[in-house]
Structures are given as structure tokens and as C-alpha cells.
Amino acid sequence: MFKTKNIIIYFLLTLLFGIFILIGCKQTYIDFSTLSYVAFGDSITKPQKYAPIPYSETVKDGLGLKSVQNLGVSGTTLAYGAKDRGWIYEQLDKAGEADIISLLGGVNDYSAGTELGNIDSNDVLTIYGGLNKIVGSLKEKYPNKFIFLMTPLKCISRTGKNSAG
């Protein structure tokens with residue numbers, strides 16, 4: 001529990017820091033009670049038996065946000081078609097309006113042996129290409145909103161490169 005609590009605190013501080021950078025130093029007060037939040041991701045985002053209270057609810061409560069919509073789906077990936085798993089991109093149309101948007105993914109891509117690809121790739125069969133497609137769509141759907149990405153958590157039994165290298 002201690003490690004989970006530290007991750008949540010780190011997450012909240014990172015979110016606050018990003019919001020302050022976004023709005024600049026001119027505004028000293030943010031009324032979070034007027035802001036809504038949508039969280040995209042995999043099983044780390046989705047409520048489950050290992051984390052019955054998802055981090056998105058903790059962020060909502062911690063910041064006093066108006067609302068949260070959790071669109072995490074267990075097993076989904078950043079790349080399209082990774083071992084016939086669902087694609088996080090497919091959740092984008094289900095989202096309502098939001099002021100704060102988060103994306104957490106990549107663990108399932110790693111475990112499926114998905115190729116990383118090139119950072120500027122548009123090939124959605126690679127991690128970078130899928131990520132670029134998702135982020136581009138989020139920027140189009142939520143122009144001038146605070147969008148932040150989170151990297152995959154370290155998997156206990158997995159280290160080094162995946163099977164794709």
C-alpha cells in the first residue's frame with residue numbers, strides 16, 4: 001500500500017505541476033471544481049481486484065474535480081492489433097468533454113512483443129505509430145486542453161527488451 005500511495009502522490013504532484021506550466025504564472029488560483037477529467041488506458045487505469053479504487057478517482061478527489069470518466073480497458077495496447085488485444089484508440093469516441101486528459105499504456109504492448117518502431121512513425125502496428133495516432137486524435141478532439149501521458153509501470157517479472165527487441 002505504501003508504494004501505491006507514493007505513486008498516487010507523485011501522480012498528483014506531476015499533474016499539478018503540468019497544469020501550472022500550462023496556465024503560466026499569471027494565474028495563482030485554479031478552481032478545480034469546474035474541471036472534468038477523462039482517463040484512457042489499460043488495466044492499470046481500469047478498476048480491478050488489485051486496485052479497486054482507480055487512480056482517476058483519487059485524482060478527482062485529491063484535486064476536487066467536477067467529474068471523472070475512466071475509460072481504461074484491461075488488456076488494451078498503444079499499438080493496433082498487438083496479439084489480438086483491444087486498442088486504446090478505440091476508446092476515444094466514448095469520451096465526453098474534458099479539461100484534463102490522461103493516457104497510460106504500454107505494458108501490454110511490451111508483453112505482446114510489439115515492435116517499438118520509430119518515434120515519428122505513422123505505422124499503428126508499432127508502439128510509436130499507435131501512440132502518435134492516439135495523441136494526434138486526442139489533440140484534435142481536445143484542442144487547448146491539458147493532455148498528459150504516463151509511461152508504463154515497471155513489471156515485476158519483466159526486464160530488458162521485449163521479444164521484438
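The model is a predicted one. Its largest nonpolar core has 16 residues, and the structure holds one salt bridge and three aromatic pairs.

**Nonpolar cores**

- In soluble globular proteins, nonpolar side chains tend to be buried together.
- Within the largest nonpolar core, of 16 residues, the members with the most contacts inside it are V38, F40, I101, L103, I134, L138 and Y142.
- Two or more residues of this core come from each of β1 (36–41), β3 and α4.
- Helix α4 is the element that gives the most to this core, with four residues.
- L138 is in contact with F40, L92, I101 and I147, leaving aside its neighbours within four places in sequence.
- Another core, of 15 residues, lies apart from the largest one, and Y55, V59, L63 and I100 are among its members.

**Salt bridge**

- Side chains of opposite charge can pair when their charged atoms come close.
- The one salt bridge of the structure joins the side chains of D99 and K145, at 3.3 Å from N to O.

**Aromatic residues**

- There are three aromatic pairs in the structure.
- One aromatic cluster is formed by Y80, W87 and Y89.

**N108**

- N108 is part of helix α3.
- With a relative accessible area of 11%, N108 is classed as buried because its value is under 20%.
- Beyond its neighbours within four places in sequence, N108 is in contact with D42, G75, T76, T77 and R85.

**G117**

- G117 sits in the loop between α3 (107–111) and α4.
- G117 is partly exposed, with a relative accessible area of 23%; the cut-off for buried is under 20%.
- Leaving aside its neighbours within four places in sequence, G117 is in contact with T126 and Y128.
- G117 and G130 are separated by 13 residues in sequence and by 9.7 Å in space, taken from C-alpha to C-alpha.

Conventions. Residues numbered from 1 in each chain as written. Predicted model: local features only at pLDDT ≥ 70, side-chain atom pairs only at ≥ 80, totals over all residues. Heavy atoms only, no water. Salt bridge = Lys/Arg side-chain N within 4 Å of Asp/Glu carboxyl O. Phe/Tyr/Trp six-rings, centres within 6.5 Å; stacked < 30°, edge-to-face > 60°. Core = buried A, V, L, I, M, F, W, Y, C linked by side-chain atoms within 4.5 Å. Buried < 20%, exposed > 50% of the residue type's maximum accessible area, 1.4 Å probe, protein only. Contact = heavy atoms within 4.5 Å.
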